[in-house]
Structure formats: structure tokens, C-alpha cells
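User: Please give me a close look at one part of this model, and then connect it to what lies elsewhere. Keep it brisk.

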Amino acid sequence: MLEDEESDRIEKICPICKKEAFKRCSRCVMVYYCCAEHQQQDWKVHKATCHPFKVCSNEQYGRFLVATRDINAGEIILKESPLVHGPAQISGPVCVGCLQGLEEKKFQECERCGWPVCKKSCQDHSAHQAECKFTIARGSKISIQHFYVPHPTYQCLMPVRCLLMAESDPARWNALLRLESHDEERRGSEQWRNDREGVAKLIPRFFKCDKKWDEDEILRVVGIIQVNGHEVPLTEPSSVAIYNMASMLEHSCRPNLSKSFTNRGEIVIWAPNSIRRGDRLSICYTDVMWTTGNRLEHLQQTKMFRCECDRCNDPTEYETYFSALRCSGFQKDSKCKGYLLPEDKSEWTGEWKCLRCSKEVTGAAVGQILERARMDLEAMEKHREDHCNKYMKHYSKWLAPNHQFMVDVKISLSQVIGGNNPEGIKKIPYDKLMNKIKICQDLIALFEKVCPAEARAFGATRFELHAALAELGRRSTEANNPAAAAVQLEDSLYNANECIRMLLHEPSVLMESKICAQARLNANTLKALLGIKE
């Protein structure tokens, strides 16, 4: 579609006839045309760059993306195939074709090179062809005898796939080289030393190609993988892919974009909420559901930078206290209702201080409590309601109500209460049903503050809230209270629709896609009950 001219600095020349133009592409608003016919004629060329954003750069952030127009909630802004896709660096043996995990003694071998595959057809996968020829050239087949994690040979496979693109696909190789490696920042670190020994030195020795690549070239590629790689959860274990345009999205711990994947491994970047023209576009390079200390540490170790986003610069995390501890847990018989946070927001392992009574607590004491809470969280059976309640009761002495660990348990509780089927929720007492509703509402309110683009968390929680409200409406109907039932069922329908909206782009292999499909069925049932016509 074409839209009327607005004032800007874009060159207003039709790319087809080279004449002055006054209509522009409504999707990217970056290219002008003199008429719709010329826009259609140019589409084959223009579609590769037709996005509602432009690439900008500066010394502080490097390349980043900026919205060129208002972006609507739910709009996909980028769908992109990977430059390269392969196994994670820390991985046991997987099929080199489809990247699915393999069981020991339950796999086949590529007839040509010996790399493991799950079925014969996978040896002909396009992603395997270059490394297959490269492996054949070493003079003997690969023989995977052990299923270690990490498996030393598999640590080399993704870097080898990247390096071989220089010959097999020069255009993709050049695009890969333009991505950030943080080579100098990584140099000398423990990870860099491990990569040097386990990858850069192993590849020439194992593949018998001493003069093909030097250490620095291999380590640069390893850095590009670690800095730009996206975990792709389509297989078990997850794989890693590198994308070109998506790598230009900057990081924020409160991003405005969400990412998902298609079943073919394409990345899908979309906007759960509306974005204004001129806003910078961001995703999260770490986990938005981690505390600030954990996010900062992970970003420093894996991406080689210190996050300075608004969320990290606000220790209270928009007054949710997502990373805070209770002061009273560190003082015997104390009734202080204040929260502890680091005295220095840039140092989460140092001294902590109560925001109310100014009580100081050592970083060691804080670390001891957090480590114990983390270990108990990992050990508990999250599918058991009594275990969840026991954990929350015990650690409510030390952890703020919205602390990461408490939220993790609340998410489990929201799913466990009432079970995973309609019959289960019909049998729970009224007070448990209302507790489920409150937990879901509290979680949604928290997500809206700290991670408004975290679509999977929103979608799953909206589904649980929808199910609980539908059951509440059913009970109101049975109690002969049609007015209350109508309100509850309408609220249930709203949450079902929000669940669908948030999980719409999830690939069919993931549970979230199945939740979305169930929400669609339930929404249709609710519309029939409410007399709503399409």
C-alpha cells in the first residue's frame, strides 16, 4: 500500500522511473513511489528491506534499530532465516541434520563422514553438506563413542559450520563477519582460554587442517557465536542460530519486542504492545525473569557488557522489589517491613541496606540465603501444590513477595491449582479457586511492570486466569446469579483472547502453541455461551 507524503529527509525518488515521487510504502515508510504499479514492480527487490525500522549507529551502541513509524500491538516487524544454525557449544551428541538429541547406541551414522544422524535422510540435510565434505577430507570417518556433555567434538561443530561458509556461501560469511565478536574484551578471560584449548586448538588437530585457519580467526568466530547466538527451543536439547538483522536489535531488560520461532527455524520478532515512531527497538539478551544481579552477571560473562537499561538502573525495578530481600529476615524479633537492596546498585555482591531502617547486611549473608533458596527451589517438586505452599511459607521470611524465586513458585502454583484439565478445576474448593485467580492477577500486574513484552509468561498466565474465571462463572450460573456469571465469563473470554494474542506466534512443537489452540476452542465456547456472534 501507498500512503500520503509526510515531511522527512528520505529521498523522494521512485526507484523504477527515477522521477520525483509523492507516495511512499506504508509498511516501511522509507521508499517513495510515483504510483502503485511501480511499487508492485519493485516489490521483489524492496521486500528484502521492507521493515518498519531503520538501522542507526553510534559509538556507544554500535548498530541498532529505530521504528520508522508507529508499530501496532501484535505486528510482526521481522521474520528472518538464520545465517547459520547448529548445536549449542555445551551439548551432547545430536543429529547433524535436524539437531534433535540422540540416545547412546540408538543412532545411525552419515554413510559418507560418520557424523551421527537420527535417520538416513538427515545425512542429506543442506546444513550438513559442507562439514560432511570437510570431514571426509580428514581421511577417516568420525566415530562418536561416548555421550559426554559437553562433548568435545560437538564444541567445534558450530564454529566449523561458520568457518566453512567462507567457501560455501561467501555472502552469508561476510554478513557473519560484520557481527560483533567482542574479541578483545573476551581475550584472556576464563571462557576465552577454554575456547582456545577446546575449540581453536582442537579444530586443526582433529580435522587435520593445520594451515586452513589460525587461532585468532577461529576464536573470532566463537566470539560471534557467543555474542549473537539465539537459543532455538525447537529441539531437545535446544540448538543455536545466528541471524543477521535480528543481531542489530539492542538489549534491554525491559524490552519492547518479543521473539519466537517458526517450525523451520526462522526467528519471528513482534510487538506485544504498540511502539511509537522513533522508539529504539529492543529484545532481552538474558532472562527477564531473573534478578538484576543474575542478569548483570550473565550479560557480563556471555555478552561482555554491563547493562545500563532503565530497569537495571532502578534497584527497586519499578517498585516491584523483584530482586529484594526482607529486612526482618536478618534481624531477630524485628518488625521492620523494609526491603534490602545493594547499597551500590552497580555491585550486587557487596553490602545490602534496608530502605526503611538503614540496617546493613553483608553480601556474604545475602548470598548464603539466596543460594539456599535457589537450591531448595531446584530440589522441590513444583507440580505439587503442598511443596509450593511450603516453600513460599518458609522463604517469605527472607524473600520479598515479588522476588524471582517467589514468582517462580507462584507461576507453578497458578498452573497446579485445579490441575491441568477442566474436571480438576471443578473439584477445588472456592477459596482455592479464588487464590488461583489472585495469584494470576498478581503475576499479570507484575509482568506489566517489569516485562510487558514477555509474551510466553503473559500467555500462560492469562490462560490459567481464563480457566479459573470460567469455572467461577459456571459456579455463579449454578448458584442462580446470572449477572455475576456474565461478568466472570466475559472476563474469562477477554483473558482467553489475550492468551491467544500472546501465544499466536509460538511454533507447533512447543507447549505454548498447544495452550494457544486450547484457548481458541475455549474462547469459541465462551462466545456461544455469551451469545456473541463473529
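Analyst: Helices here are DSSP runs of H or I with at least four residues, strands are runs of E with at least two, and both are numbered from the N terminus. The model is predicted, so to speak of local features a pLDDT of at least 70 is needed, side-chain atom pairs count only at pLDDT 80 or more, and totals for chains, interfaces and linings use all residues. Residues are numbered from 1 along each chain as its sequence is written, and side-chain values use heavy atoms, leaving out hydrogens and water.

Start with the annotated part. An unreviewed UniProt entry lists residues 14-50 as "domain: MYND-type". Its positions follow the numbering used here, feature names are shortened, and such annotations may be inferred rather than shown by experiment. In the model, residues 14-50 are 30% helix and 14% strand.

Now helix α1, residues 36-46. Which of its residues are buried? They are H38, Q39, D42 and H46. Buried means under 20% relative accessible area, exposed means over 50%, and partly exposed is in between (1.4 Å probe, protein chains only). Looking down the α1 axis, the buried residues fall within an arc of 95°, so they line one face of the helix. That arc is taken from the directions from the helix axis to the C-beta atoms. The face turned away from the buried side carries exposed residues: E37, Q40, Q41 and K44.

Next, the charged pairs. A salt bridge puts a side-chain nitrogen of Lys or Arg within 4 Å of a carboxyl oxygen of Asp or Glu. The whole structure has 34 of them. One joins E75 and R69, with N to O at 2.5 Å. Both partners are buried: E75 has 15% relative accessibility, and R69 has 14%.

A second pair is E506 with R456, where the closest N and O atoms are 2.9 Å apart. E506 sits in the loop between α16 (482-503) and α17 (511-530), while R456 belongs to helix α15 (residues 455-478), so this pair ties together parts 50 residues apart in sequence. E506 is buried at 8% relative accessible area. R456 is partly exposed at 24%.

E498 bridges to R501 at 3.2 Å between the closest N and O atoms. Both lie in α16, 3 residues apart, about one turn of the helix. E498 is buried at 14%, whereas R501 is partly exposed at 25%. Elsewhere, salt bridges with shared partners join D183, E184, R187 and D216 into one network.

Finally, a sheet. Three strands form an open, antiparallel sheet in the order β7-β11-β10. Two strands pair if DSSP finds at least two bridges between them. β7 (84-87) and β10 (230-232) are the edge strands, each with a single partner, so one side of each has no neighbour in the sheet. The average twist is 35° from one strand to the next. β10 pairs with β11 (residues 239-242) over 3 bridges. Within that pairing, H230 has A241 of β11 as its bridge partner.

Helix α3 (residues 154-168) lies across β7 and β11, and runs at about 165° to β7. Contact means heavy atoms within 4.5 Å. Axes are lines fitted to C-alpha atoms, for helices over the stretch in contact, with angles from 0 to 180 degrees between N-to-C directions.
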